[in-house]
Amino acid sequence: MTKAYEQIAAALRGRVVAGELEPGDRLPTETMLATEFGVSRATVREALRQLDAQSLIRTSKGATGGSYVTLPSAGHLSASLRSGIGLLADAQDISLDDLLEARELLEVPAARLAARRRREHDLERLRAAIPGNPLELGAEDQFAHNADFHSVVLEASGNVLLAIAAQPVFDVLQTRLARSTLGNRFHRAINTHHRAIAAAIEAGDEDAAGGEMHAHVEYLRPFYVKAWRGIGGRG
């Protein structure tokens with residue numbers, strides 16, 4: 001049976017979807033909503049908490065405070081997914097094989113789409129994400145460039161949903177890998193792979209871009225396996 005606060009949250013969500021409430025609009029006060037729906041303020045408050053958790057409203061305090069309609073951004077959704085996937089991975093409810101399979105199914109097509117839809121702005125960002133002398137950087141900076149490169153590929157795909165789904169998977173894998181001890185040979189190889197992927201995208205060669213990304217993920221597999229075993233995850 002649907003609870004009262006869930007019904008209220010659904011009703012308010014419906015108003016947002018229908019355009020009756022637009023981003024930036026202030027919701028009625030808790031007292032007004034309680035009167036409208038015939039429930040207590042505590043029930044209304046719980047409904048608002050649910051909407052806030054879904055990034056559909058933001059609440060501020062003070063003289064001009066209240067609850068205001070907002071809309072979840074791609075970044076909010078991706079961050080929420082990343083948190084959930086990370087918790088499942090830590091609880092060993094998601095295996096490394098699951099994550100790697102998902103990454104391949106998401107990032108290989110993303111690379112192909114990036115080659116098809118690339119813009120000069122995307123190519124400039126890809127080049128900037130590949131350090132000229134990676135071995136002169138510390139591990140933290142190397143991983144930051146790595147993350148930037150893959151984020152740009154996902155954005156260059158031109159598919160927001162693909163980016164929302166793929167970024168959290170990459171982030172969870174990246175976090176585990178960053179805890180490992182990796183030498184210069186690894187970082188040099190990653191840089192070489194990124195250059196090959198970027199070159200294929202710049203050339204507009206979809207097959208090459210997808211193939212290079214696939215080879216990149218496969219190269220990383222044994223490093224991920226080692227990192228997972230070191231933390232106690234299951235394969």
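Predicted model: local features only at pLDDT ≥ 70, side-chain atom pairs only at ≥ 80, totals over all residues.
Asn146 belongs to helix H7, which covers residues 139-156. Its relative accessibility is 10%, and Asn146 therefore counts as buried, since the term buried applies under 20%. Beyond the neighbours within four places in sequence, Asn146 is in contact with Phe170, Gln174, Ile190 and His194.

The next step is to consider the space that the atoms leave empty. Rolling a probe the size of a water molecule over the atoms shows where such space is left. In this structure there are three cavities of 30 Å³ or more.

The largest cavity holds about 130 Å³ of space. It is lined by 13 residues, and those closest to its centre are Gln142, Asn146, His187, Ile190 and Asn191. Helix H7 and helix H9 (184-203) each provide at least two residues of this lining. Helix H9 gives the most, with five residues. Sorted by class, the lining of the largest cavity comprises seven nonpolar and six polar residues, and no charged ones.

The second largest cavity holds about 40 Å³ of space. Asn146 is again part of the lining, together with Arg103, His150, Phe170, Gln174, Leu177, Ile190, His216, Leu220 and Tyr224. The elements that supply two or more residues here are H7, helix H8 (160-178) and helix H10 (206-231). By class, the lining of the second largest cavity has five nonpolar, four polar and one charged residues.

Methods:
Residues numbered from 1 in each chain as written. Heavy atoms only, no water. Helix = DSSP H or I, 4+ residues; strand = E, 2+ residues; numbered from the N terminus. Buried < 20%, exposed > 50% of the residue type's maximum accessible area, 1.4 Å probe, protein only. Contact = heavy atoms within 4.5 Å. 1 Å grid on protein atoms, 1.4 Å probe; cavity = no way out; pocket = protein on both sides within 12 Å on 5 of 7 lines; lining within 4 Å. Points joined across faces, edges and corners; volume = space filled by probe spheres on them. Nonpolar A, V, L, I, M, F, W, Y, C, P; charged D, E, K, R; others polar.
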